[in-house]
Amino acid sequence: MELTSFDKQLLNELQGGIQFVSRPYELMAQKLGVSEQVVLERLDQLQQEGLIRKIGAFFNSDKLGYSGTLIAVKVQQQYIAQVASKINEYPEVTHNYQRSGDYALWFTLITNDAKRREHILTTVRNLPGVSALMDLYSQKKYKIDVRFQLK
Amino acid sequence: MNISETDKKIVRAMQGAFPVCSEPYKEIAAAVGISEDALLKRLEEMKQDGTLRKMGAVLRHRQVGFKANALGTWVVPRERMDEVAEIMCAHPEVTHCYDRNTLPDWPYNFYTMIHGDTEEGCRKFAEKLSQETGIKEYSLQFTRREWKKTSMKYFME
């Protein structure tokens, strides 16, 4: 689908943030010089087209008592799909990517229970085809705002 | 950590898809069992103290033209990290920037998610970051497949 210049303005606004007011889409519409109805209808369509991953709230895990980490898994080529689907079964795993290096699978794990976390990591480490696992935790997050300025 | 039951209810009601309708917060407030004003006030506070890090949309980058991406892993001297992060974060092509621990056979301590049109574009861009910062030791792990990508659901136990 070809995005119109209005779509791009709308998506840029939406990525910039939704305000905490009773009618946030109307506020956005005013800024873009259209009616609230136009914004609501177009957003529905853009969501159906699959351009938007999520409209909503993104919380900071640490502030909610959870801790997140990045796990890299070295796994033999022929086992990748099997290991990936096993990892995906955990609701605590939010992202899981196959990448080009020796460590083929990289997943994020968010837990609020150290025992549960250890259990998941031990289980993954012992899956067939897995030869190593790295637990890469972060102390400082410099930037985590995914935003694509559409021109 | 002490999180009130009301806050947990707010997080549960807010972490899914936000309604696209005229008065979306009214629906959420009803689900939580508080007034719309109380909800708006609490969300504003959560935004201020960083509990709510973003209220808005995230796009599917492949659908909006960024077809290639790579996890850039870098070896940055600890004392230069803040300065290097500032230079790298300033670029819109860099969407995530973190420090991380090293391991005996893993020297990389700094991570950037790099987005571009092509893998070659990502390579050139990483080289540019290397020149701008003087950080020579790095590697790129290109994304070959997305096996899972969801939002965390908190307080579901």
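What is the count of salt bridges between chain B and chain A? Keep in mind that this is a predicted model. The count is 1. That salt bridge joins the side chains of Asp82(B) and Lys140(A), at 3.3 Å from N to O. As for polar contacts, 48 residue pairs are counted between chain B and chain A, with both residues at pLDDT 80 or more. On the side of chain B that touches chain A, strand β5, residues 138-149, gives the most, with 10 residues. By class, that side of chain B has 40 nonpolar, 18 polar and 18 charged residues.

Now the extent of the contact. Chain A puts in 72 residues and chain B 76. About 7,200 Å² is buried between the two chains, and carbon and sulfur atoms give 59% of that area.

Next, the pockets. The largest pocket has a volume of about 1,100 Å³. Its lining has 46 residues, and those nearest the centre are His95(A), Thr108(A), Arg53(B), His96(B) and Tyr98(B). Strands β1, β2, β3 and β4 of chain A, and β1, β2, β3 and β4 of chain B, each supply at least two residues of this lining. Sorted by class, the lining has 20 nonpolar, 16 polar and 10 charged residues.

The second largest pocket comes to about 260 Å³. It is lined by 17 residues, with Pro91(A), Glu92(A), Met152(B), Lys153(B) and Met156(B) nearest its centre. Of the lining residues here, 7 are nonpolar, 4 polar and 6 charged.

That's everything from me.

How values were computed
Residues numbered from 1 in each chain as written. Chains lettered and ligands numbered in written order. Predicted model: local features only at pLDDT ≥ 70, side-chain atom pairs only at ≥ 80, totals over all residues. Heavy atoms only, no water. 1 Å grid on protein atoms, 1.4 Å probe; cavity = no way out; pocket = protein on both sides within 12 Å on 5 of 7 lines; lining within 4 Å. Points joined across faces, edges and corners; volume = space filled by probe spheres on them. Helix = DSSP H or I, 4+ residues; strand = E, 2+ residues; numbered from the N terminus. Nonpolar A, V, L, I, M, F, W, Y, C, P; charged D, E, K, R; others polar. Contact = heavy atoms within 4.5 Å. Buried area = accessible area lost by both parts, 1.4 Å probe. Salt bridge = Lys/Arg side-chain N within 4 Å of Asp/Glu carboxyl O. Polar contact = N/O pair within 3.5 Å; in protein donor to acceptor, adjacent residues only side chain to side chain.
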